[in-house]
Structures are given as structure tokens and as C-alpha cells.
Amino acid sequence: MPSQTYSIWACPTATDRARFQAVIQALCDQQNVPPFGPHMTLGGLSQRDTDLGAGVTALSGLTLIPTDIVETPAFTQSLFVRFARSETLLKGRKALQNLPSFRAGRAFDPHISLCYGRPENRAALSAEIEALLSKPVRFDRLAVVRIKLPVERHDDLQAWQVVSELQIPA
């Protein structure tokens, strides 16, 4: 039975978002599914009304180094860019974990998904995908997103709803 939860996303700046969005759009076009916005999931909340101030402050200046491109058979981790953990990221994650309604979910693996479900023709976009490893990625806001679990189909992504956003200080 599906359950509602709230996911905490770190979202890239406009420049970095555009780089990732171009690849996401191309992969979604191949799959003939609607695109989604680039984001890195930091965890979940069992309720919406949690004060994220300490987490936002701890993530100040969050910039991460992409390390590799990973492909797995899991729908929600089909193809993604993994990031090296930084002191700022770990400090922010710890602040969020201290929230009473925090839900850890699966093991923390900082990444931005490029597609959900098996990519149709990754080779056609290999240069664009590899280029995502060329520069650090800066994150400038947190989004709280209402989702239903489990996420197993593209229709599940369309039900995502951003309920609040907070600026991460530079």
C-alpha cells in the first residue's frame, strides 16, 4: 500500500541545474516520459511542518565534486552522477537527521539521478553524460517534496509536489 512522505532535496544552482536538465530531458525523450528536475535526496520527513533551519544553515556554500556515473537495475537509481561526500554535506545531513520526523530510508548515497528506469540509448548521450563530471556542482536551495512510496513507475514521479523551498546561504 502506498504511503505519503516528504523528501528533502538539495537542488543545484540555475547554471548547474541547466547542465543536468539537458541530459535528463534527452534521456526522458528517449524513454518517451515527462522530465523531472535535477535534485539530490538528503532524506525524508514523516511530516511536513519540521523546521529545517539548522540543516539549511549547515549546508551553507554546499558544492560537491562529481566522482562517477553509475547505472543499476533499480528504478530509482537507474543512471546517476555520484558525488564525493564533503564536510559541509555530512554536517548538513547530520543536522537533518536530528529532526524528530527525519526518515533515513535507504543508505545515503549522494547523487543526482539522470533517468528513472533503464536508459534507452545511453551511448548516444555518452559525451553529454561524461561532461557532467567535469565541474563541481553548487546547490543553492532545499526543497521539501510530497511523494508517495514506493516510487516504481514514471506515473509515480508525476505525483511529486514541491511544498516548500528554502535558500541555502552561499
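## The second largest pocket

In this predicted model, the second largest pocket has a volume of about 210 Å³. Its lining is made up of 16 residues, and those closest to the centre are Trp9, Phe36, Gly37, Trp160 and Val162. Strand 1, strand 8, helix 5 and strand 9 (161-167) each give two or more residues to this lining.

Strand 9 provides the largest share of the lining of the second largest pocket, namely 3 residues. Sorted by class, the lining of the second largest pocket holds 9 nonpolar, 4 polar and 3 charged residues.

## The largest pocket

The largest pocket holds about 620 Å³ of space. It is lined by 28 residues, and Ser7, Thr41, Arg106, Ile147 and Leu149 lie nearest its centre. At least two lining residues come from each of strand 1, strand 2 (40-45), strand 7 and strand 8. Strand 2 gives the most to the lining of the largest pocket, with 5 residues. By class, the lining of the largest pocket consists of 13 nonpolar, 11 polar and 4 charged residues.

Rolling a probe the size of a water molecule over the atoms shows where empty space is left.

## Glycine 43 in strand 2

Glycine 43 is found in strand 2. Its relative accessibility is 8%, which is under the 20% limit, so glycine 43 counts as buried. Apart from residues up to four places away in sequence, glycine 43 touches Tyr6, Ser7, Ile8, Arg93, Phe102 and Arg103. One of these, Ser7, is also among the residues nearest the centre of the largest pocket.

Glycine 43 and valine 23 are 20 residues apart along the chain, and their C-alpha atoms are separated by 24 Å.

## Helix 1

Helix 1 covers residues 14-31, which makes 18 residues. From its first C-alpha to its last it reaches 25 Å, close to the 26 Å expected at 1.5 Å a residue. Which residues of helix 1 are buried? They are Asp16, Arg19, Phe20, Val23, Ile24, Leu27, Cys28 and Gln31. These buried residues pack against strand 1 (3-12), strand 5 (79-83), strand 7 (111-115), helix 4 (126-131), strand 8 (137-149) and helix 5 (154-158).

Alanine 18 also has its place in helix 1. With a relative accessibility of 47%, alanine 18 counts as partly exposed. Alanine 18 and glycine 37 are 19 residues apart in sequence, and the distance from C-alpha to C-alpha is 9.6 Å. Glycine 37 is one of the residues closest to the centre of the second largest pocket.

## Two backbone details

Most residues other than glycine have a negative phi, and most peptide bonds are trans. Is asparagine 32 buried or exposed? Its relative accessibility is 72%, so asparagine 32 counts as exposed.

The second detail is a cis peptide bond, which joins leucine 149 and proline 150 with omega at about 0 degrees. Proline 150 lies in the loop between strand 8 and helix 5. Leucine 149 is among the residues nearest the centre of the largest pocket.

## Aromatic pairs

The model has 5 aromatic pairs. In one of them, the ring centres of phenylalanine 75 and tyrosine 116 are 6.0 Å apart and the planes meet at 35 degrees, so this pair is tilted. The pair links distant parts of the chain, as its two residues are 41 residues apart. Phenylalanine 75 is in the loop between strand 4 (66-71) and strand 5, and tyrosine 116 is in the loop between strand 7 and helix 4. Both phenylalanine 75 and tyrosine 116 are buried.

## Phenylalanine 80 in strand 5

Phenylalanine 80 lies in strand 5. At 1% relative accessibility, phenylalanine 80 counts as buried. Leaving aside neighbours within four places in sequence, its contacts are Asp68, Ile69, Val70, Thr72, Asp109, His111, Ile112, Ser113 and Leu114. The C-alpha atoms of phenylalanine 80 and threonine 5 are separated by 23 Å, and the two residues are 75 residues apart along the chain.

Conventions
Residues numbered from 1 in each chain as written. Predicted model: local features only at pLDDT ≥ 70, side-chain atom pairs only at ≥ 80, totals over all residues. Heavy atoms only, no water. Helix = DSSP H or I, 4+ residues; strand = E, 2+ residues; numbered from the N terminus. Expected span 1.5 Å × (residues − 1). Buried < 20%, exposed > 50% of the residue type's maximum accessible area, 1.4 Å probe, protein only. Contact = heavy atoms within 4.5 Å. Phe/Tyr/Trp six-rings, centres within 6.5 Å; stacked < 30°, edge-to-face > 60°. 1 Å grid on protein atoms, 1.4 Å probe; cavity = no way out; pocket = protein on both sides within 12 Å on 5 of 7 lines; lining within 4 Å. Points joined across faces, edges and corners; volume = space filled by probe spheres on them. Nonpolar A, V, L, I, M, F, W, Y, C, P; charged D, E, K, R; others polar.
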